[in-house]
Each structure stands twice: as C-alpha cells, then as structure tokens.
Amino acid sequence: LTNSHVVGSSKEIRLRDTEGFVTDAHVLGVDPDTDLALLRADGARDLRYASLGNSKSLRRGQLVVAIGNPLGFESTVTAGVVSALGRSLPTVDGRRSRVVEGVIQTDAALHPGNSGGALATSDARVVGINTAIVGPWIGQGLGLAVPLDATTMSFIGALVAFRAWNARRDA
C-alpha cells in the first residue's frame, strides 16, 4: 500500500527492502481520490508485513511514528504526535484538482521521500500512509497522512476482489 502520486501511471515497480533485496511489483490499482495505490510484490520470499489499524481510533496527542525515505535517507523513523484529525488535503494530479478528506495531521517531520511510507501507532499498527506532496507546508513541522479507515479498507477489499474475479474470468 502506498500513495497513488508515488506510483503515478507506472504499471511495473521495482521495490528494494532494507536488506537490499530487489523485487518487481505490479500495480493492482490506484485511487487518486484517496491518493492510495495497491502493489503486489512478485518476489517469492517471505516478506514481513505490518498490521493494519484503524485511523478512527486515533486521538489528538497520541504518539505515532512516520516511516519512510526522506530526502533519499533510507529507512528513517520519525516520532511525533497526532496534531489534528479530519483535515482536507488539496492535491493536483496533473489533470484536475481534488481533495483528500479525513487526513491525519502529525508533527512527525515529513519531507519528499516520506510519501508512501507508514504512519504507525506505538503498538506498531499502521493507521495512515504518509504523504509529502510538495506544498508550502513541507519542512514546516507539519506532516500529513492518508487515513486507513473503513473507506480505505473497502477500497482495498474491492480492488482485491475485482482482481481475483478478473483472474478467474481470464483463466
């Protein structure tokens, strides 16, 4: 799971983990309206994964960590607190302007390269996907994350179900 603005119009992606292992991935789908994209790693090895939480359970003042690769620095973890909930994030995808709703605001420092990384609670549950879309707030002590909530989970579930249906139909 990452941001749709990170994936752009790519269909094939190369992923590199912290151990330097590189694998190909393909894009299962993108949703510019939530700025989310779902990828499937093709590597035939056991990849560790994070547990998903629900952003609706977040409270202002709660501790969170932002994980990403800001400014090219690999595997960076930054701690912060949830500053606000339910923000709106205006974005432009090259064709039209849109607003991502329900965005999580944190004071964890986010910079270009953090986009697509996890925002997680202190018990290691991912509750958001960091977004560092270039704008006046970047580097100003303001971090934003697309929330993982029922809407996001329904997007992921519908996408996975659609892909499975398509695979059965094509078989």
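## Charged pairs in a predicted model

Visitor: Is R125 buried, partly exposed or exposed, and at what relative accessibility?
Guide: This is a predicted model. R125 counts as partly exposed, at a relative accessibility of 37%.

Visitor: Which side chain does R125 meet in a salt bridge?
Guide: Side chains of opposite charge can pair when their charged atoms come close. For R125, the N to O distance is 4.0 Å. The salt-bridge partner is D123.

Visitor: How many salt bridges does the structure hold?
Guide: R125 and D123 form a salt bridge. D24 and R14 form one too, with their closest N and O atoms 3.6 Å apart. The structure's count is two.

Visitor: How many residues apart are D24 and R14?
Guide: D24 sits in strand 2, residues 22-31. R14 sits in strand 1, residues 12-16. The pair links distant parts of the chain, and the separation is ten residues.

Visitor: Why does D149 have no salt bridge, and how far away is the nearest side chain of opposite charge?
Guide: D149 is buried and lies in the loop between strand 10 (143-147) and helix 2 (150-170). Its contacts beyond four places in sequence are N54, S55 and K56. K56 is the nearest side chain of opposite charge.

Terms used:
Residues are numbered from 1 along each chain as its sequence is written. This is a predicted model: local features need pLDDT of at least 70, side-chain atom pairs count only at pLDDT 80 or more; totals for chains, interfaces and linings use all residues. Side-chain values use heavy atoms; hydrogens and water are left out. Helices (H or I, at least four residues) and strands (E, at least two) are DSSP runs, numbered from the N terminus. Buried means under 20% relative accessible area, exposed over 50%, partly exposed in between (1.4 Å probe, protein chains only). Lys and Arg count as positive and Asp and Glu as negative; His and the chain ends are not counted. Contact means heavy atoms within 4.5 Å.
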